[in-house]
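Please examine the model shown here together with the explanation that follows.

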Number of protein chains: 2
Amino acid sequence: MKKQTITIYDVAREAGVSMATVSRVVNGNPNVKPATRKKVMEVIDKLDYRPNAVARGLASKKTTTVGVIIPDVTNVYFSSLARGIDDVATMYKYNIILANSDGNAQKEVQVLNTLLAKQVDGIIFMGNNLTPELREQINRSRTPVVLAGSVDPENELESVHIDYVAAVKEAVSDLIRRGNERVAFVSGPLSDAINGQYRLEGYKQALKENDLVFDVDLVFETDSNYRAGEMLAPALQAMSASAAYVSDDELAAGVLNGAKDAGVKIPEEFEVVTSNNSKLTEIVRPQMSSITQPLYDIGAVAMRFLTKMMNDEEVEQRTIELPYGFIKRSSTK
Amino acid sequence: MKKQTITIYDVAREAGVSMATVSRVVNGNPNVKPATRKKVMEVIDKLDYRPNAVARGLASKKTTTVGVIIPDVTNVYFSSLARGIDDVATMYKYNIILANSDGNAQKEVQVLNTLLAKQVDGIIFMGNNLTPELREQINRSRTPVVLAGSVDPENELESVHIDYVAAVKEAVSDLIRRGNERVAFVSGPLSDAINGQYRLEGYKQALKENDLVFDVDLVFETDSNYRAGEMLAPALQAMSASAAYVSDDELAAGVLNGAKDAGVKIPEEFEVVTSNNSKLTEIVRPQMSSITQPLYDIGAVAMRFLTKMMNDEEVEQRTIELPYGFIKRSSTK
DNA sequence: CTGTTAGCGCTTTCAT
DNA sequence: ATGAAAGCGCTAACAG
């Protein structure tokens, strides 16, 4: 498979200059006489020359590509972040290598390593379970990493996210104040810091603030998908929960449809509040009330943050908190 | 930003062999005495050596990365394909550079060029509007390209997809046979071959086969998103359509919800059939009947196909057609 | 089975 | 403002 053949050398010869000069014009170095620049440009055009990024990467030790580790592109929450990442990456002339990890620690380490082998200039990590091994690999490499849409409980890594504790606390308090004394906490794996440490904490704080006692039977840990939510309906009823805070939209859609299909009236008999305000919230009936967070922006800001780090610019804080909000729809009274 | 420092040379010295030998063990070349291989492995481990993929790429002219041009990762249809692609890419030790194009011809050309500059070994293209310029760029490069989830009307490029004409024809015929004489054809841009040439053709064939005459007023061209579908409800009623075939699930969810919210009984008064059988079909109420197609597999097969091309293996046909199906849910009688 | 030697295509001092 | 030359880290003949 023969690939591109014409090199900087061909251009140089054809233009009657040295390759150094060609390199200069290609890289926008000002130290080139306009006339020669013009000449070189013409030849480049004529020969349809396209600089070999690999050679460039080897010589300059910069690949202008960043790695993006994502649990699953198929999940809108993550793909929204990814879209924000890609857009600003493009804006800054970077490309992204996208790798799915399924949130699996072993795959994450593996992927991280191949990304480093490919000499990416930086990495954006979406995941919520920073194992010690992963941390070590990250630290050993001198490659900048920023977390998007998740938090580092150890506060070692830079990250951008919202204040999950406060957001959930607010959402749950709202539910309680409206008379719900048994609010369920439905989430994906509690081993993920975002669920087990932040969201759950917000839930507990809301309880405490409203003089309610924490009942572990109201905590439902499951997979973050539609089916899992649907199947949760009976259990929720069994614990006589009258409302639920759910950590994921797809999961919430399942909870809602599961309850509804079982004849439960929503929101009269059961209220549900979800977390990501994705399109899904408007597609189900009744439409779901939700915490709102700027997913696209989280990705975009994370990438912007990374460009600064890659550029060795000083960054003020290692953590960027974006604002969250709340939108009332029909799944709550 | 200092990156990894230890090179193949360090390993060679430390192990008391030549770099060629180290290269051999790294690449699994059998021509190495087990003892030396072992020794080298140990040193690699001890030094935590990780081959520089960029240097490798330059020397071998293979980057083990493929470019993936996608309209929008945020759309489940495409992200499902992407997931299939990434999984088999990983399986064959490739990484993917993911780039969003928004289906915009200009961006597509631009992205294609940067991908080629990065020396990707192959490209998977998702898009339905192969402009002449794009074709030319593709042809000029000697890089293999395969289309995933779309068809090349000119039949110049390799591709994997389902038989859109037959699938739509079947779905629409079904609608007609059940008594619907005014079936709407609702789709995204007709300029996309998949819609304007294939799906529409299937629709027309179904009409003809059932002795119905094609009425252009029943063709609704719009954006492929939820909101667009929702807003279509009045128009659909105005044309007194009693059923609709919709080219996209999100769009279909909008059509369905829009009609329902306007008081139309589904499926009694209005039936809808959609195209991709994504999760969405089960999340809306009533759940939607849909053409089924193996999205993940289309991506996976496309990537597998590409590995063969990159490997200069003979490929039987330039087009792979995967089977489609039909699932009856509650949005049709 | 192992070592030597050229590059791969480009960036980057260092001279001039 | 421009050129010469030395690599970047690795693969791939070619010897031996």
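According to UniProt, in an unreviewed entry, the feature "domain: HTH lacI-type" covers residues 6-60 of chain A; UniProt positions are given in the numbering used here, feature names are shortened, and annotations may be inferred rather than shown by experiment. In the model, this span is 69% helix and 0% strand, and its end C-alpha atoms lie 20 Å apart. Helices (H or I, at least four residues) and strands (E, at least two) are DSSP runs, numbered from the N terminus.

The model is predicted: local features need pLDDT of at least 70, side-chain atom pairs count only at pLDDT 80 or more, and totals for chains, interfaces and linings use all residues; side-chain values use heavy atoms, with hydrogens and water left out. Residues are numbered from 1 along each chain as its sequence is written, while chains are lettered from A and ligands numbered from 1 in the order in which they are written.

Charged contacts come next. Over all chains, the structure holds 40 salt bridges, a salt bridge being a side-chain nitrogen of Lys or Arg within 4 Å of a carboxyl oxygen of Asp or Glu. One of them joins the side chains of A:Glu42 and A:Lys38, with an N to O distance of 3.1 Å. Because A:Glu42 and A:Lys38 are four residues apart in helix H3 (residues 34-47) of chain A, about one helical turn separates them. A:Glu42 is partly exposed at 41% relative accessibility, whereas A:Lys38 is exposed, with a relative accessible area of 53%.

Which residue of chain A forms a salt bridge with B:Asp72? The partner is A:Arg83, and the closest N and O atoms are 3.1 Å apart. This pair crosses between chains: B:Asp72 is in the loop between strand S1 (65-70) and helix H5 (76-91) of chain B, and A:Arg83 is in helix H5 (residues 76-91) of chain A. A:Arg83 is buried, its relative accessible area being 8%.

Within chain A, the side chains of A:Lys169 and A:Glu209 meet in a salt bridge at 2.9 Å, N to O. A:Lys169 belongs to helix H8 (residues 164-177) of chain A and A:Glu209 to helix H9 (residues 193-209) of chain A, so the pair ties together parts that are 40 residues apart in sequence. Both ends are partly exposed, A:Lys169 at 22% relative accessibility and A:Glu209 with a relative accessible area of 48%. Elsewhere, salt bridges with shared partners join A:Asp72, A:Asp102, A:Lys107, B:Arg83 and B:Asp87 into one network.

The backbone also has particular features. A cis peptide bond, with omega about -10°, joins A:Arg285 and A:Pro286; A:Pro286 is in the loop between helix H13 (280-283) and strand S10 (289-292) of chain A. In chain B, a cis peptide bond joins B:Ile266 and B:Pro267, with omega about 10°, and B:Pro267 is placed in the loop between helix H12 (249-261) and strand S9 (271-274) of that chain.

Positive phi values occur in residues other than glycine. Phi of A:Gln119 is near 60°, and A:Gln119 lies in the loop between helix H6 (105-117) and strand S3 (122-125) of chain A. At 10% relative accessibility, A:Gln119 is buried. A:Asn277 has a positive phi of about 50° and lies in the loop between strand S9 (271-274) and H13 of chain A; with a relative accessible area of 27%, A:Asn277 is partly exposed.

Strand S9 of chain A contains A:Val273, which is buried at 0% relative accessibility. A:Val273 and A:Ala243 are 30 residues apart in sequence, and their C-alpha atoms are 8.1 Å apart in space.

Finally, A:Asp312, A:Glu313, A:Glu314 and A:Glu316 form a negative surface patch. Patches are made of residues with over 30% relative accessible area and no salt bridge, like charges being joined within 9 Å and nonpolar side chains (Val, Leu, Ile, Met, Phe, Trp, Tyr) within 5 Å. A:Glu314 lies in the loop between helix H14 (295-310) and strand S11 (319-321) of chain A, and at 70% relative accessibility A:Glu314 counts as exposed.

How values were computed:
Accessible areas come from the Shrake-Rupley method with a 1.4 Å probe; for residues, only the protein chains shown count as cover. Lys and Arg count as positive and Asp and Glu as negative; His and the chain ends are not counted. The place of a charge is taken as NZ of Lys, CZ of Arg, CG of Asp or CD of Glu. Buried means under 20% relative accessible area, exposed over 50%, partly exposed in between (1.4 Å probe, protein chains only).
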